[in-house]
Structure formats: C-alpha cells, structure tokens
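Here is a friendly briefing to read alongside the model. Please keep the sequence and the 3D view open as you go.

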Amino acid sequence: MSQTLDQAVRIAGYYPALATSVLRSAIGAEKVLGHFVHAETTFDDREVRRHMTVLVITGTRLLRVHMDDGAGHGAEGGHEASATVEATALSAIRNTAMTHVVHEPEHFKDGDLPSELVLAVGGSVHSRLDLEPATCGDQSCEADHGYTGTLTSDDILVRVSLIADGEASIRALQDFSSVLQGAIGARG
C-alpha cells in the first residue's frame with residue numbers, strides 16, 4: 001500500500017487500522033497508481049452514522065472499499081463496522097463521467113474550483129434486472145407475451161462539495177479522475 005494512501009486513511013480517521021488491513025488485503029502485491037479517500041458523516045432523527053469510501057487504481061483493477069457503521073448484534077446492542085471490497089477490472093469499465101457543478105457561474109474564472117464534483121464510473125460488478133410481464137395492449141388478451149425488463153448497472157458514484165469537503169477533496173477527486181482516465185485509456 002502506498003504511503004500517501006496510508007496517510008489519507010489515517011487522516012480520514014474512520015477506523016484506520018481496519019481500513020488499512022482491508023485495503024492491504026485487497027491490493028495485495030499490486031502497485032497503487034492513484035487513490036481517493038472520502039469520509040462522510042450523516043445525521044438522521046435518532047443517530048449519527050459514519051461511512052467512508054476509498055477508491056484505488058492499480059495496474060489492472062479499480063477497487064472500491066466502502067465502510068459503514070452498524071448496530072451490533074446481541075442484547076448489548078454494541079457497535080460494529082462493515083467493510084465491503086468491490087474489484088472491477090479496468091478492462092470492464094465502460095465509461096466515466098465527471099459532473100462539475102458551479103454555483104454563480106457568471107463569476108467563474110478559469111482556474112476556479114467547481115462547487116461540487118460528481119464522479120460516475122460505469123462497469124461496476126453489480127447490476128439490477130427489473131422484469132414485468134409483457135403485454136400487447138389489448139386489455140382482454142390472455143396470451144403469454146413473455147417478459148420485458150430493464151437492466152440497470154450499479155455505477156460507482158462519488159460526490160464531493162467545496163463547502164462540506166473542502167478544496168483538498170475537490171482537487172483529490174480531480175486528480176483521481178485524471179489517473180483513472182489515463183488507466184482505462186491506456187489499456188488495449
């Protein structure tokens with residue numbers, strides 16, 4: 001694991017020992033070409049929940065490690081965290097999109113940072129298939145017309161905001177996106 005990735009995980013502060021262990025296992029002997037670490041805290045009526053997403057580019061894969069808080073099992077209701085590793089071959093990535101959101105665009109100058117960035121990566125390992133019976137449009141028809149449906153991929157989405165996450169996060173996502181574009185563009 002690269003020193004800068006290890007440092008970014010420690011700075012994020014979300015169970016760094018667990019995150020580092022999971023990342024080391026996922027990365028193995030591969031070299032880290034780029035990374036992005038995004039820790040987030042959400043609030044609802046009853047609780048505060050933390051989660052962290054770490055994206056890592058190696059020579060062959062895009063890794064997404066997602067860590068979440070959870071309620072513990074048992075009568076004590078202790079605390080737990082879960083970490084999920086998703087690995088996508090760089091050759092399986094079909095597309096990427098970076099949305100730049102600019103508040104008050106009339107004041108935007110070249111070199112200014114966007115107010116928000118949203119990175120979407122298509123080619124994730126998860127997809128959802130929604131099926132329903134097909135019809136011919138005749139309300140009285142009882143024939144079996146098979147099924148129709150839609151296949152929706154579960155893209156990787158990462159959003160950072162200048163106000164909530166700061167300039168460093170905006171720049172880090174821009175840098176990560178550039179490395180990812182180069183990695184998927186360089187493959188044969």
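Glu 30 is partly exposed, with a relative accessible area of 24%; here buried means under 20%, exposed over 50% and partly exposed in between, using a 1.4 Å probe and protein chains only. The model is predicted, and local features need pLDDT of at least 70, side-chain atom pairs count only at pLDDT 80 or more, and totals for chains, interfaces and linings use all residues. Residues are numbered from 1 along each chain as its sequence is written, and side-chain values use heavy atoms, with hydrogens and water left out.

- Glu 30 forms a salt bridge with Arg 61, and their closest N and O atoms are 2.7 Å apart; a salt bridge is a side-chain nitrogen of Lys or Arg within 4 Å of a carboxyl oxygen of Asp or Glu.
- This pair links distant parts of the chain, 31 residues apart: Glu 30 is in the loop between α2 (16-27) and β1 (34-43), and Arg 61 is in strand β3 (residues 61-71). Helices (H or I, at least four residues) and strands (E, at least two) are DSSP runs, numbered from the N terminus.
- Arg 61 is partly exposed as well, with a relative accessible area of 21%.
- The side chain of Glu 30 is also joined to that of Thr 58 by a polar contact of 2.8 Å. A polar contact is a pair of N or O atoms within 3.5 Å; within protein, one must be able to donate a hydrogen and the other to accept it, and residues adjacent in sequence count only if both atoms are side-chain atoms.
- Thr 58 sits in the loop between β2 and β3 and counts as buried, at 0% relative accessibility.
- Leaving aside residues up to four places away in sequence, Thr 58 touches Glu 30, Lys 31, Leu 33, Leu 63 and Leu 90; contact means heavy atoms within 4.5 Å.

**Other salt bridges**

- A search of the whole structure finds seven salt bridges. Side chains of opposite charge can pair when their charged atoms come close.
- Asp 69 is buried, with a relative accessible area of 8%, whereas Arg 50 is partly exposed at 28%.
- Another salt bridge brings together the side chains of Asp 112 and Lys 109, at 3.8 Å from N to O. Asp 112 is partly exposed, with a relative accessible area of 30%, while Lys 109 is exposed at 53%.

**Helix α1 and what follows**

- In helix α1 (residues 3-12), Leu 5, Asp 6 and Val 9 are buried. These three lie on the same side of α1 because they cover an arc of only 100° around the axis, the arc being that of the directions from the helix axis to the C-beta atoms.
- Gln 3 and Ile 11, on the other side of α1, are exposed.
- The buried residues of α1 pack against α2, β1 and β2.
- Gly 13 follows α1 and has a positive phi, near 75°.

- Most residues other than glycine have a negative phi, and most peptide bonds are trans.
- Tyr 15, in the loop between α1 and α2, has a positive phi near 45°. Tyr 15 counts as partly exposed, at 30% relative accessibility.
- Glu 104 is not a glycine either, yet its phi is positive, about 55°. Glu 104 lies in the loop between β5 (95-101) and β6 (116-122) and is exposed, with a relative accessible area of 54%.

**The chain as a whole**

- The protein chain has four helices and nine strands, in the order α-α-β-β-β-β-β-β-β-β-β-α-α along the sequence.
- Of its 188 residues, 31% count as buried.
- Among contacts between residues at least 6 apart in sequence, 58% join residues at least 24 apart.
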